[in-house]
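Please walk through this structure with me, one contact at a time. Keep the sequence and the 3D view side by side.

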Amino acid sequence: MEGIDHLAPERSKSQFDVDEMKIVWAGSPHAFEVSDRMSRLVASDPAFRKDNRPMLGRKELFKNTMRKAAYAWKRIIELRLTEEEASMLRSFVDEPAFTDLHWGMFIPAIKGQGTEEQQKQWLPLAQKMQIIGCYAQTELGHGSNVQGLETTATFDPKTDEFVIHSPTLTSSKWWPGGLGKIATHGAVYARLLTDGRDYGVHGFIVQLRSLDDHLPLPGITIGDIGMKFGNGAYNTMDNGVLQFDHVRIPRNQMLMRVSQVTREGKYVQSSVPRQLVYGTMVYVRQTIVSDASIALSRAVCIATRYSCVRRQFGGKKGGLETQVLDYKTQQARLFPLLASAYAFRFVGEWLKWLYMDVMKRLQAGDFSTLPEAHACTAGLKSLTTSVTADGIEECRKLCGGHGYLCSSGLPELFAVYVPTCTYEGDNVVLMLQVARHLMKTIAKLGSGKRPVGTTAYMGRVELLMQYQSNVQKAEDWLKPNFVLEAFEARAARKSVDCAKNLAKFSNPEEGFLELSAELVEAAVAHCQLIVVSKLCFRFIEKLQQDIPGKGVKQQLENLCIVYALNLLRKYLGDFLSTGCINAEQASLAGEQLRSLYSQLRPNAVALVDAFNYTDHYLGSVLGRYDGNVYPKLYEEAWKDPLNDSVVPDGFQEYVRPMLKQQLRNARL
């Protein structure tokens with residue numbers, strides 16, 4: 001029934017202040033105010049309608065995306081929104097678009113890699129949307145291996161120009177968002193060839209299309225790479241293919257902040273440290289981690305609300321059946337994902353601090369924390385996106401058959417999100433980068449130089465190799481030190497085991513290839529420890545000073561313990577085989593986990609309400625705030641174009657003759 005909050009009984013069970021938790025989730029009162037205002041602005045505007053997206057054909061879908069992007073920009077100008085507000089508004093429009101790469105990659109590339117003069121030339125045009133850029137790095141034949149890119153930029157000293165060329169089919173730029181149909185310019189990455197030498201991959205600003213008629217410039221072949229996974233989903237984005245046939249650009253369109261080519265063709269390093277380029281990478285990966293928490297929290301919100309609405313079995317003598325969320329099997333699958341959403345949100349906040357700290361140090365000429373920061377952001381990007389992609393699919397399953405409907409919002413959410421496991425670094429490749437950092441850290445332990453940052457625990461490796469948990473009762477697992485020590489010991493032992501096995505190989509690279517699966521496991525253990533240590537406990541300790549409400553603190557502590565103990569149970573083989581805990585202690589962890597599920601149960605709906613998502617942003621009939629699921633599911637079914645007619649088009653032509661045929665001779 002309209003106007004009735006079917007989830008009100010669930011909200012009345014809450015044991016904490018939801019408004020207070022909304023601020024914790026947002027990060028600050030200011031961030032909450034901006035987020036709340038922008039989300040409601042988008043939700044209240046019919047121009048941003050998205051419920052019909054899965055039913056649109058590709059051309060109509062893309063035209064609709066162009067309309068929304070243009071309208072969003074119009075509103076940003078009319079309302080004189082700040083950069084923060086504009087970014088929020090675009091995110092709540094919730095549609096992958098050509099503008100994503102313009103703001104998220106093209107502009108940061110100019111800021112991070114362009115000289116002051118280049119920034120003055122290009123940023124005003126880009127920030128006013130007078131040019132639209134993309135980030136053209138990935139090629140048909142190379143993605144993760146950036147150093148293997150084949151596109152060339154050969155300097156011609158006679159004309160003071162670079163000649164951009166695609167020498168092979170596999171050198172075609174492939175995948176850049178916004179490239180296929182819209183981008184006028186690109187930050188193009190190519191091998192710099194000058195003075196008879198190959199200086200590796202560098203960035204160049206290249207105009208791709210005419211600003212008059214939007215046609216590709218001479219020597220440029222450009223188009224869309226085709227349909228992608230899912231209905232609607234990422235098909236709103238014009239991922240492109242691009243080939244260059246000896247395209248000439250002025251020398252000053254090489255991004256020259258860290259290195260230049262002189263008029264005579266000499267390659268010169270600038271006084272700006274090359275390591276500054278890595279700051280952009282840290283920034284992008286930090287953003288991806290924050291986005292992981294948002295995507296996972298959306299799926300968890302849908303599954304949690306629907307699990308309270310849905311009832312199956314258990315009804316006695318005509319009474320109500322049992323709410324699905326009351327089943328322990330549902331709780332054991334859903335609550336760890338709820339805990340992960342909160343944990344990833346906090347890890348995203350911590351990574352923002354890490355990014356600012358790294359940039360401050362780099363500008364001061366201090367590069368000491370860069371390797372650790374690079375490994376940390378690479379690992380957390382891999383960890384959070386893998387868990388989120390799997391978590392969204394698990395939430396779909398948690399919603400039963402109805403979760404498979406496009407109107408549930410979950411199929412499209414999954415289809416839009418899952419590419420994050422491969423873009424900006426394949427997740428397995430990134431974990432191998434983390435593993436290399438861990439092996440280098442262990443190799444340096446004998447030098448007397450103590451590890452810093454997230455690898456600081458390695459400085460106690462001798463103690464951790466001897467560690468045996470002292471947990472004696474289930475409640476001991478609520479104590480942070482018991483959990484942290486177990487995770488530290490497990491991570492240290494897996495890394496040390498890999499280092500010992502690597503030492504058996506005469507060729508370290510051969511050993512790394514042979515042991516790559518075990519090295520990935522060690523890297524995962526390290527990254528899980530980062531989340532547990534930095535966030536589930538130390539971040540909570542920081543919050544203790546800022547949060548007045550005892551109920552909010554208790555819920556956050558419960559979520560953090562659930563996150564940690566669920567990992568312990570999921571990777572129980574690691575903890576047992578490395579001797580960190582014994583079988584009885586593992587059983588006690590399971591007992592405590594079940595107890596925490598019971599404590600989270602009455603607060604579940606309030607905990608997802610704290611995400612403060614509008615029904616428009618969730619885009620899910622199952623996850624509606626009011627819980628009015630079944631009438632709306634029925635209503636949505638009749639909106640499908642297939643129901644425009646009672647008898648479907650083509651029935652008279654194909655099916656009716658089949659029904660009317662004579663079957664006397666058929667052996668049926």
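Helix H2 (residues 18-26) packs against helix H17 (residues 550-570) at an angle of about 55°, with the two axes 9 Å apart. Axes here are lines fitted to C-alpha atoms, for helices over the stretch in contact, and angles run from 0 to 180 degrees between N-to-C directions. H2 and H17 are therefore oblique to each other. The scheme counts angles under 35 degrees as roughly parallel, over 145 as roughly antiparallel, 65 to 115 as roughly perpendicular and the rest as oblique. The crossing of H2 past H17 is right-handed. A crossing is left-handed if the near helix is turned anticlockwise from the far one by less than a right angle, and right-handed if clockwise.

From H2, Glu20, Met21 and Val24 meet Val552, Gln555 and Leu556 of H17. Contact means heavy atoms within 4.5 Å. The residues of this H2 and H17 contact divide into four nonpolar, one polar and one charged. For these classes, Ala, Val, Leu, Ile, Met, Phe, Trp, Tyr, Cys and Pro count as nonpolar, Asp, Glu, Lys and Arg as charged, and the others, Gly among them, as polar.

A word on the source. This is a predicted model, in which local features need pLDDT of at least 70 and side-chain atom pairs count only at pLDDT 80 or more, while totals for chains, interfaces and linings use all residues. Residues are numbered from 1 along each chain as its sequence is written, and side-chain values use heavy atoms, with hydrogens and water left out. Helices (H or I, at least four residues) and strands (E, at least two) are DSSP runs, numbered from the N terminus.

H17 also meets helix H9. The axes of H9 and H17 come within 8 Å and cross at roughly 110°. That makes H9 roughly perpendicular to H17. On the H9 side, the contact includes Phe335, Leu338, Tyr342 and Phe346. On the H17 side, Leu556, Leu559, Val562, Tyr563 and Asn566 take part. The residues of this H9 and H17 contact divide into twelve nonpolar, two polar and no charged.

H9 has another partner, helix H10 (residues 370-398). H9 and H10 pack at an angle of about 155°, with their axes 10 Å apart. H9 is therefore roughly antiparallel to H10. The crossing of H9 past H10 is left-handed. By class, the contact of H9 with H10 has 16 nonpolar, six polar and three charged residues.

Now the core. In soluble globular proteins, nonpolar side chains tend to be buried together. A nonpolar core is a set of buried Ala, Val, Leu, Ile, Met, Phe, Trp, Tyr and Cys residues joined through side-chain atoms within 4.5 Å. Buried means under 20% relative accessible area, exposed over 50%, partly exposed in between (1.4 Å probe, protein chains only). The largest nonpolar core has 134 residues, and Met21, Leu338, Tyr342, Leu380, Trp477 and Tyr563 touch the most other members. Helix H9 (residues 328-363) gives the most to this core, with 17 residues. Apart from it lies another core of 24 residues, among them Ile164, Ala190, Phe204 and Met256.

Some single residues deserve a look. Gln592 is found in helix H19 (residues 583-600). Gln592 is buried, with a relative accessible area of 4%. Not counting residues up to four places away in sequence, Gln592 touches Ala474, Glu475, Trp477, Leu478 and Leu565.

His185 sits in strand S5. At 3% relative accessibility, His185 counts as buried. The C-alpha atoms of His185 and Val206 are separated by 5.6 Å, although the two are 21 residues apart along the chain.

Asp160 has a positive phi of about 60° although it is not a glycine, and Asp195 has a positive phi of about 55°. Asp160 lies in the loop between strand S2 (152-156) and strand S3 (161-165). Asp195 lies in the loop between strand S5 (185-194) and strand S6 (197-207).

Finish at Glu424, in the loop between helix H11 (410-417) and helix H12 (427-443). At 30% relative accessibility, Glu424 counts as partly exposed.
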